[in-house]
There are 2 protein chains.
Amino acid sequence: MKKLIIASTSTIHGSGYLEYLLPTLKQHFNNCTEIIFIPFARPGGISHDEYTAIAKKAFATLNIKVKGLHEFEDYNEGLKNAQGIFTGGGNTFLLVSQLYKYKVMSTLKNVITTGTPYLGTSAGSNICGLTMNTTNDMPIVHPPSFLTLGCVPFNINPHYLDPDPTSTHKGETRETRIKEFHKFNTVPVIGLREGSWLTVNGATITLDGHLNARVFEYNKLPYEVKPQHDFSNFN
Amino acid sequence: MKKLIIASTSTIHGSGYLEYLLPTLKQHFNNCTEIIFIPFARPGGISHDEYTAIAKKAFATLNIKVKGLHEFEDYNEGLKNAQGIFTGGGNTFLLVSQLYKYKVMSTLKNVITTGTPYLGTSAGSNICGLTMNTTNDMPIVHPPSFLTLGCVPFNINPHYLDPDPTSTHKGETRETRIKEFHKFNTVPVIGLREGSWLTVNGATITLDGHLNARVFEYNKLPYEVKPQHDFSNFN
């Protein structure tokens, strides 16, 4: 049975790394003594070791060990034997390029589908959707495909930002960008505000945290849904 | 001799489409009675005809006719015979995908290099750089390559936005994104603020408009340059 936490962000303003999620993660990974961290998104270009150290520190407070996927001899074997998996944020283009380069995308999908508990934040959440077409990141590298894990039957837009009515900037708003996506794609998009996450338990997909999410469906006006909303109608 | 205007944006706050650039464009296209408009970036997903109508209206004030590239039977022939070319903004992933799909990227590069006057705004400016790796756009489609025209020896980041020191949002700032780009690429990036443009005259590349630009070079701290700065040292 699928068991995922798909979070908009790792860190909310004024709080430490993963801090706001720790009570949830304690429950989510309650059967794990060690989890695998996928550091490929490399926020700010930090190294795999540096990034894994950050994840280690956060999970130490839950008495859960963390091993970086890059530390394994065989990445696919590592994932198959994992008690739990966490993919951190950073650059989604880089993350997806690396998952294809190391040929681990389908193994990752298989183990998540068969019940290995998974946590994604930001880029690590983006890849839970059907495609990475709705990332906010800069295309610093060219992945061979934008297809991702498809663990949920829609796309994610993490760090969702409402348009600023006072802005004089002419760059596209997030909403405009997602509308452009829907000129060429029919996949629904969930805009997850910072501090929100989706909890996937088998076929149930619930919005958690205190904030509404914004839903973009093909050929419909965008609409808001409240915490505890169940997205399983998209299945 | 190359002759390009590479503008951050088509429209500045409180002003009409291309309005702030019209005196410059009158001079730039002074030998043209008709120019070709490349509407492929389709801002907000509008049609090629709708987008071309917007360009037509702006250039009518200069007594210059505009014909959409999509109206030609043979796109490459159209570009070869063009008196001038304007590529409008929108989604850079879409624009680049279409330029590859219709196999016009190299013709476009050739005619610009041999002197056909060119105007780009936003996505149409992005493609003047070596690659589209520093676009701000959402990857709504998957281009076969991120290589672009290379009419200037660096990349462009249009609609450049300074970090907001009061923001509590945890999404990456523009500067963070460009720094991540430089973990994997050595190409310089010019952050062009809205209202700024580059004027290319042969080997001379000048910053125009009233604002500074922000320059990001590999392994250097970012720095500001003033209007009338000459970028030809990058050649």
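## Exercises on rings and symmetry

A:F29, A:F37, A:Y51, A:F59 and A:F86 form one aromatic cluster. This is a predicted model, where local features need pLDDT of at least 70, side-chain atom pairs count only at pLDDT 80 or more, and totals for chains, interfaces and linings use all residues. Residues are numbered from 1 along each chain as its sequence is written, chains are lettered from A and ligands numbered from 1 in the order in which they are written, and side-chain values use heavy atoms, without hydrogens and water.

**Exercise 1.** Classify the ring pair B:F93 and B:F146.

*Step 1.* Recall the rule: rings of Phe, Tyr and Trp (its six-membered ring) pair if their centres lie within 6.5 Å; planes under 30 degrees apart are stacked, over 60 edge-to-face, and the rest tilted.

*Step 2.* A search of the whole structure finds 29 aromatic pairs over all chains. For B:F93 and B:F146, the centres are 5.9 Å apart and the planes at 80 degrees, so this pair is edge-to-face.

**Exercise 2.** Find how chain B is related to chain A.

*Step 1.* Superpose the copies by least squares on the C-alpha atoms of residues with pLDDT of at least 70 in both.

*Step 2.* A rotation of 180 degrees, with 0.0 Å of shift along its axis, brings chain B onto chain A with an RMSD of 0.0 Å.

*Step 3.* The two copies are therefore related as by a two-fold rotation axis.

*Step 4.* Look at the contact residues (heavy atoms within 4.5 Å): 100% of those of chain B recur in chain A, and the same surface serves both copies.
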